[in-house]
Amino acid sequence: HSPPEQPGDKPSETGEVQRKEVCHWPCRCPPVPACTPGISLVKDGCGCCKVCAKQAGEPCNEADVCDPHKGLYCDYSEDEPRYETGVCAYLVAVGCELSGVYYANGQTFQPNRLYKCLCVSGIIGCTPVFTPRLAGSPCTRVPRRKKPGQSICGLEQHKQLQSNNYRLMSAYRSLPLVLKKKCLIQATPWTPCSRTCGIGISSRVTNDNRKCEMKKEKRLCFIQPCLTNMLKKIKIPKGKTCQPTFQLPTAEKLVFSGCSTTQRYKLTFCGVCLDKRCCIPNKSKMITVQFECPNEGFFRWKMMWITSCVCQRLCSAPGDIFSQLKLL
């Protein structure tokens, strides 16, 4: 019997095809590349170097890996029998829904002029449409100033800077910036309440937990009770057009999913306006409420306790994650 084939041997007489070796050790890595916004910087399949991950439809192999953060894998089915070079493709997974519109897994879409988004396994990720200017400042250096290296811009240079720069909302905002046990606490803003009246849910992503891991956190929110004629039941001060907050006459139990709270609460709600303005929570704190279910025991939920509201003309629909974005 002939000895088994070793890597690097020529194709055997039986028709077996040798796969080309793409990994070589020890590792010799080029400088770390600057990936286009939205493309992951990952370690190659050899476990050696940092590379820009391959995207959908691009060729891939053992070394050139597909973007794992977008649910991509290397499909070798068309390279039979070698299975050496593949094409990046999306795993079969659920799609996404945003503002009543359904997007397929792997679909790219632009719900707002500032952002381009991608649906990956039920999760939506977005990147800025504009690419920030990477070149240095066009402002000229002025020597012999009191502060060495201080720069000054002319009027035209100021205009050029303003046209090429823009402000991006950070992915995770600090609320506030706190360091707990070597963990920098970060969080996204709470989403708008899912209901304009009655008890709804809002959520955020935060790492304020024991493992310092980014996790989704939910809380109950109660902006207004569902009253038939709000303006008749809320007294607006004479000479005013808005009543920012109001309370019901008596404390009441809260009802959620067929269960009611063990205590009665006299909540502060956001009010109404005679003009087109809407009132939204301005200041709040977090409380924990306990619900009692008939023959099913108890459960607890975190809840937003409104302390003050503000009336404004910017009124967005609940769940509009792009309502706070502005083109600068």
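Which residue does the side chain of Lys215 meet in a salt bridge? I looked this up first. The partner is Glu213, at 3.9 Å from N to O. I note here that the model is predicted.

**Entry: the Lys215 pair.** I checked the exposure of both partners. Lys215 has a relative accessible area of 42% and is partly exposed. Glu213 is likewise partly exposed, at 37%.

**Entry: salt bridges in the whole structure.** I searched the whole structure and found four salt bridges. One of them joins Glu217 to Arg204, with the closest N and O atoms 2.9 Å apart. Glu217 lies in strand β16 and Arg204 in strand β15 (residues 199-206), so this pair ties together parts that are 13 residues apart in sequence. I then looked up their burial: Glu217 and Arg204 are both buried.

I turned next to Arg277, which forms a salt bridge with Asp275; the closest N and O atoms are 3.1 Å apart. Arg277 counts as partly exposed, at 26% relative accessibility. Asp275 is also partly exposed, with a relative accessible area of 27%. I also traced shared partners, and found that salt bridges join Arg204, Glu217 and Lys302 into one network.

**Entry: Arg219.** I placed Arg219 in strand β16, which covers residues 215-222. Is Arg219 buried or exposed? I find that Arg219 is buried and yet has no salt bridge. The nearest side chain of opposite charge belongs to Glu217 and is 8.2 Å away. A salt bridge requires a side-chain nitrogen of Lys or Arg within 4 Å of a carboxyl oxygen of Asp or Glu.

I then listed the contacts of Arg219, leaving aside neighbours within four places in sequence. Among them are Trp190, Gly200, Ile201 and Ser202, together with Ser284 and Met286. Trp301, Lys302, Met303 and Met304 are in contact with Arg219 as well. Lys302 in this list also belongs to the salt-bridge network with Arg204 and Glu217.

**Entry: nonpolar cores.** I examined the largest nonpolar core, which has 19 residues. Which of its residues touch the most other members? They are Leu254, Leu267 and Met303. Strands β16, β20 (268-273), β21 (278-293) and β22 (297-312) each supply at least two residues of this core. The most comes from β21, with four residues.

For Leu267, I set aside neighbours within four places in sequence and found contacts with Phe222, Phe246, Gln247, Leu254, Met303 and Trp305.

**Entry: Val22.** I located Val22 in the segment before β1 (41-43). Val22 counts as partly exposed, at 26% relative accessibility. How many residues apart in sequence are Val22 and Glu62? They are 40 residues apart in sequence, while their C-alpha atoms are 6.9 Å apart in space. Not counting residues up to four places away in sequence, I found that Val22 touches Cys46, Asn61, Glu62 and Ala63.

**Entry: the chain overall.** I recorded the totals last. The secondary structure comes to two helices and 22 strands. Of the 328 residues in the chain, 28% are buried. The chain exposes about 22,800 Å², and carbon and sulfur atoms supply 53% of that area. Among contacts in the chain with a separation of 6 or more, 43% are accounted for by residues 24 or more positions apart.

Notes
Residues are numbered from 1 along each chain as its sequence is written. This is a predicted model: local features need pLDDT of at least 70, side-chain atom pairs count only at pLDDT 80 or more; totals for chains, interfaces and linings use all residues. Side-chain values use heavy atoms; hydrogens and water are left out. Buried means under 20% relative accessible area, exposed over 50%, partly exposed in between (1.4 Å probe, protein chains only). Lys and Arg count as positive and Asp and Glu as negative; His and the chain ends are not counted. Contact means heavy atoms within 4.5 Å. Accessible areas come from the Shrake-Rupley method with a 1.4 Å probe; for residues, only the protein chains shown count as cover. A nonpolar core is a set of buried Ala, Val, Leu, Ile, Met, Phe, Trp, Tyr and Cys residues joined through side-chain atoms within 4.5 Å.
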